[in-house]
Amino acid sequence: MSTTHIRETPLLEVRDLTVTYAGGAEAVRGVNLEVEAGRKLGIAGESGCGKSTLALALLRLLPAGTKVTGEILLNGEDVLAMKWGQVRAVRWAGASIVFQGAMHSLNAVHRIGDQIAEPIVLHARTTQAAARKRAGELLEQVGLPAARADAYPHELSGGQRQRVMIAMALACDPGLIIADEPTTALDVMIQAQILRLIEQLVSEQDLGLIMISHDLAVLSETCDRLAVMYAGRVVEQGPASEVYERAHHPYSKALSGAFPRIGDPASRFAPRGLPGDPPDPSALPAGCTFHPRCPVALDSCATQDQVLRVAGPGREAACVLAGPDAAVARGAEEARSTS
């Protein structure tokens, strides 16, 4: 009789995470997230909504003077409570990051094989020769010939450099990969190849994945769950395809509608957008932070802040018009306006 091991705790659990930069700007405000092994979480939002700050906070890569509170539990251990030696051990081996813009992340004067081998030598405490051999294996794993280990970054195409970044992220067998806009600078064909590669690696190696993007369409196809961020908070989360196709929060709807859909002439000829920009983290508006841009805001939204509430099976949204109480809220607003 065989038994199946059941993981008692999530691979990553973020509890009430707040990030405040020097000067008082809150870039992340009370975020709660979970990622399980073998699962993929997408994080979406415009530039300035706190996505990359959240990613950097997970491995304590933020600049000095930044205040971070809450809990970041990686395999049950709080990263924020670790000593620096423990944090250095967790980086690469426990969790790793694939940054956007591979050309800026790779060292231009070192061969890519040496760059992939460096964390292997440090964390696995192996020889340089063994690490270089492993680097070649990793390159083949991401679809590049092992011989390319002798190349310099400028000798590779954008898609090849991004594959090198993925190989580096896998170098020390981490349980979690954080991909921050990994395909932003790539053309559509190469983007599709990189996304398929990431999906394949997550599935085969039972990794946890956090993928950050502004493109809900990409995240809905790649990820299991989707969290939408606005002004440093998660304003909606749930199954990725459901959030993309049937968003509850007005901001999620606007993001979804901003991308033309194949086979839908209406969206191609009349794409929907959203005027304005996310608020400055140091000068957030009162009430619901989205209300100045919201096309369906009620008068109460200008004074009442919104928190995540149940908006269906496995879904949450931080909007007074989401969930079972939406009709009640709208009715009360209409009654006030006519009295």
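**Figure 1. Helix α4 passes helix α6 in a right-handed crossing.**
The model is predicted: local features need pLDDT of at least 70, side-chain atom pairs count only at pLDDT 80 or more, and totals for chains, interfaces and linings use all residues. Residues are numbered from 1 along each chain as its sequence is written, and side-chain values use heavy atoms, with hydrogens and water left out. Helices (DSSP H or I, at least four residues) and strands (E, at least two) are numbered from the N terminus. α4 and α6 pack at an angle of about 20°, and their axes lie 8 Å apart. Axes are lines fitted to C-alpha atoms, for helices over the stretch in contact; angles run from 0 to 180 degrees between N-to-C directions. α4 is therefore roughly parallel to α6. That label covers angles under 35 degrees; over 145 is roughly antiparallel, 65 to 115 roughly perpendicular and the rest oblique. From α4, Ile112, Gln115 and Ile116 make the contact; α6 contributes Val164, Ala167 and Met168. Contact means heavy atoms within 4.5 Å.

α4 covers residues 112-124, 13 residues in total. From first C-alpha to last, α4 reaches 18 Å, close to the 18 Å expected at 1.5 Å a residue. The expected span is 1.5 Å times one less than the number of residues. Ile112, Gly113, Gln115, Ile116, Ala117, Pro119 and Ile120 are buried in α4. Buried means under 20% relative accessible area, exposed over 50%, partly exposed in between (1.4 Å probe, protein chains only). Just after α4 comes arginine 125, with a positive phi of about 50°.

**Figure 2. Helix α6 is largely enclosed by the rest of the structure, as 11 of its 13 residues are buried.**
Among the buried residues are Arg161, Gln162, Arg163, Met165 and Ile166. α6 reaches 19 Å from its first C-alpha to its last, close to the 18 Å expected. Glycine 158 lies in this helix. At 28% relative accessibility, glycine 158 is partly exposed. Leucine 186 is 28 residues away from glycine 158 along the chain, yet their C-alpha atoms are separated by 6.6 Å.

**Figure 3. An open sheet of 8 strands has mixed pairing.**
The strand order is β6-β7-β8-β3-β9-β10-β12-β11. β6 (95-98) and β11 (309-310) are the edges; each has a single partner strand, so one side of each lacks a neighbour in the sheet. α6 packs on this sheet and touches β6 and β7. The direction of α6 makes about 170° with that of β6. Strands β7 (residues 176-180) and β8 (residues 208-213) run parallel, joined by 5 bridges. Aspartate 180 has isoleucine 212 of β8 as its bridge partner. Helix α7 (residues 188-205) lies across β3 (40-44) and β8, at about 155° to β8.

**Figure 4. A 4-strand open sheet is antiparallel, in the order β2-β1-β4-β5.**
β2 (26-35) and β5 are the edge strands, each pairing on one side only. Two strands pair if DSSP finds at least two bridges between them. β1 and β2 pair over 6 bridges; leucine 17 has valine 31 of β2 as its bridge partner. β1 (residues 12-20) and β4 (residues 67-74) pair over 7 bridges. Here valine 19 is bridged to valine 68 of β4.

**Figure 5. The hairpin of β4 and β5 has 2 residues between the strands.**
One of the hairpin's residues, asparagine 75, takes a positive phi near 55°. β4 and β5 (residues 77-78) pair in the antiparallel sense over 2 bridges. Leucine 74 stands opposite glutamate 77 of β5.

**Figure 6. Helix α1 (residues 51-58) lies across β1, β2 and β4.**
α1 runs at about 115° to β1. Threonine 53 belongs to this helix. With a relative accessible area of 10%, threonine 53 is buried. Leaving aside residues up to four places away in sequence, threonine 53 touches Val19, Tyr21, Ala27, Val28 and Leu62.

Conventions. Left-handed = near helix turned anticlockwise from the far one by under 90°.
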